Amino acid sequence: MESLHCLRCNRELEPGHKSVAVYMFAQTVGIRPRQKSAAQRICFCPQCSVSLAMGPPPEGALNTAAWNMIRDLVGSDPALTEAAWDNLRGVVGLLPATGTDGGSGRNSGGYFEF
Ligand SMILES: [Zn+2]
């Protein structure tokens, strides 16, 4: 898997990280043989998605079309905004990779017991 970067801020988006992907391809219509371009995948991190959606419409028909799609996603569910919020606060980096609640580390120091 090639690494992906946010189109707007160039932040690296690792596979499985929260992001918005815009897929785009072109194909001929009414012309034989039908031709189809390779599909492009354009990614935005949650912060940029929310920022774009909240901002004014961009210049250009294609940009406006993508902006409308992102606005649709951001506006229909708060999950993306929450992901941007989490990234902003660095919560994602602080969370343990696996669940660590439970007894194993309870007496391993750092805690006072009364
Ligand atoms: Zn970004």
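Donors are N, O and S atoms within 2.8 Å of the metal (3.2 Å for Na, K and Ca), and sites may look incomplete because water is not among the atoms. Four donors count as tetrahedral if all angles lie between 85 and 135 degrees. Four count as square planar and six as octahedral if opposite donors are over 155 degrees apart and all others between 65 and 115; anything else is irregular.

This is a predicted model, in which local features need pLDDT of at least 70, side-chain atom pairs count only at pLDDT 80 or more, and totals for chains, interfaces and linings use all residues. Residues are numbered from 1 along each chain as its sequence is written, and side-chain values use heavy atoms, with hydrogens and water left out.

**Exercise 1. The zinc site**

Task: find the protein donors of the zinc ion and name their arrangement.

Solution. 
- Step 1. List the donors: C6, C9, C45 and C48, each through its SG atom. They lie 2.2 to 2.3 Å from the zinc ion.
- Step 2. Check the angles. The 4 donor atoms subtend 102 to 118° around the zinc ion, so the arrangement is tetrahedral. Ideal angles at a metal are 109.5 degrees for four tetrahedral donors.
- Step 3. Read the spacing in sequence: C-x2-C-x35-C-x2-C.
- Step 4. C9 sits in the loop between β1 (4–5) and β2 (12–13), while C48 belongs to helix α1 (residues 46–54). The two are 39 residues apart, and the pair links distant parts of the chain. (Helices, H or I with at least four residues, and strands, E with at least two, are DSSP runs numbered from the N terminus.)

**Exercise 2. Buried or exposed?**

Task: sort C9, C45 and C48 by relative accessible area.

Solution. 
- Step 1. Buried means under 20% relative accessible area, exposed over 50%, and partly exposed in between (1.4 Å probe, protein chains only).
- Step 2. C9 has 35%, so C9 is partly exposed.
- Step 3. C45 has 0%, so C45 is buried.
- Step 4. C48 has 4%, so C48 is buried too.
- Step 5. Look along α1. Its buried residues are P46, Q47, C48, S49, V50 and A53. Among the elements that cover them are β3, β4, α2 (61–76) and α3 (79–89). In the chain of 114 residues, 20% are buried.

**Exercise 3. The order of elements**

Task: count the helices and strands, then give their order.

Solution. 
- Step 1. Count: 4 helices and 4 strands.
- Step 2. Read along the sequence: β-β-β-β-α-α-α-α.
- Step 3. Turn to contacts (heavy atoms within 4.5 Å). Take those with a separation of 6 or more: 45% of them join residues 24 or more positions apart.

**Exercise 4. The loop between β3 and β4**

Task: describe A26, T28 and P33 in the loop between β3 and β4.

Solution. 
- Step 1. Start with A26. At 46% relative accessible area, A26 is partly exposed. Beyond four places in sequence, A26 is in contact with Q35, K36 and S37.
- Step 2. Move to T28, in the loop between β3 (20–24) and β4 (40–44). T28 is in contact with P33, R34 and Q35, leaving aside neighbours within four places. A polar atom of the T28 side chain lies 2.7 Å from the backbone nitrogen of Q35.
- Step 3. Inspect P33. The peptide bond from R32 to P33 is cis, with omega near -5°. Most peptide bonds are trans.

**Exercise 5. Confidence**

Solution. 
- Step 1. Define the score: pLDDT is the predictor's confidence in each residue, from 0 to 100.
- Step 2. Take the chain. Its average is 85, and 77% of the residues score at least 70.
- Step 3. Over residues 103–112 pLDDT stays under 50, and the model has 3 contacts for them beyond four places in sequence.

Key
A polar contact is a pair of N or O atoms within 3.5 Å; within protein, one must be able to donate a hydrogen and the other to accept it, and residues adjacent in sequence count only if both atoms are side-chain atoms.
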